[in-house]
Amino acid sequence: MKKTYFLLLLLATCLGAFAQGVKTKGFAVMQPGFDFQAYEFTRHACTDNEIQLDVLYCGICHSDLHEAHEDWWPEHYPLVPGHEIVGRVVRVGKDVTRFKVGDYAGVGCIVNSCRTCGYCLHDRQQYCQKMVATYNSVDYYYGDEAQQGGYCGKGVSTVQRVKKEFVGIIVY
């Protein structure tokens, strides 16, 4: 696979509906290393307080490479890395007020947390025991589904869904 600093996704029509899972494609490693291959998976449908993005760009961070290579701890495979995501909003849950379809949005390294513990109440969600990372994480709030990131490529359609509280500036 050709190495690049950014992977571009052609804007594609969103697959799925609010009540159904969303079929998604990305690039995954199936075991430790850098042998990325096309991978199809299903994300849960956009809920009332989430937005769903068509991923346009996803940066490659050194942490993505460390996780793909399993340098830090045991990983969950298949693994679709990518947590510096920029995309276009294609669905908006009914409780979301800051975004509308067609807006651009960024996603960092966290997509959900309990929002009730002491850490969350003091804007320290990264320490929450039920924090959900953008990838290589268990989504405690959706049946322990495996959370996958934003790596995709030209002609590959992928979507990312994220809680409204975790959408915004990813680089300052």
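Trainee: In which strand is Asn 112 found?

Mentor: This is a predicted model, in which local features need pLDDT of at least 70 and side-chain atom pairs count only at pLDDT 80 or more, while totals for chains, interfaces and linings use all residues. Residues are numbered from 1 along each chain as its sequence is written, and side-chain values use heavy atoms, with hydrogens and water left out. Helices (H or I, at least four residues) and strands (E, at least two) are DSSP runs, numbered from the N terminus. On that basis, the strand that holds Asn 112, residues 110-112, is β7.

Trainee: Is Asn 112 buried or exposed?

Mentor: Buried means under 20% relative accessible area and exposed over 50%, with partly exposed in between (1.4 Å probe, protein chains only). Because its relative accessible area is 2%, Asn 112 counts as buried.

Trainee: With which side chain does the side chain of Asn 112 make a polar contact?

Mentor: A polar contact is a pair of N or O atoms within 3.5 Å; within protein, one must be able to donate a hydrogen and the other to accept it, and residues adjacent in sequence count only if both atoms are side-chain atoms. At 2.5 Å, the partner of the Asn 112 side chain is the side chain of Arg 115.

Trainee: Which side chains meet in a salt bridge?

Mentor: A salt bridge is a side-chain nitrogen of Lys or Arg within 4 Å of a carboxyl oxygen of Asp or Glu, and a search of the whole structure finds 1. With an N to O distance of 3.1 Å, the side chains that meet are those of Lys 100 and Asp 103.

Trainee: Where is the place of Gln 129, and is Gln 129 buried or exposed?

Mentor: Gln 129 and Cys 117 are 12 residues apart in sequence and 8.6 Å apart in space, C-alpha to C-alpha. The place of Gln 129 is in the loop between α2 (118-121) and β8 (132-133). Because its relative accessibility is 69%, Gln 129 counts as exposed.
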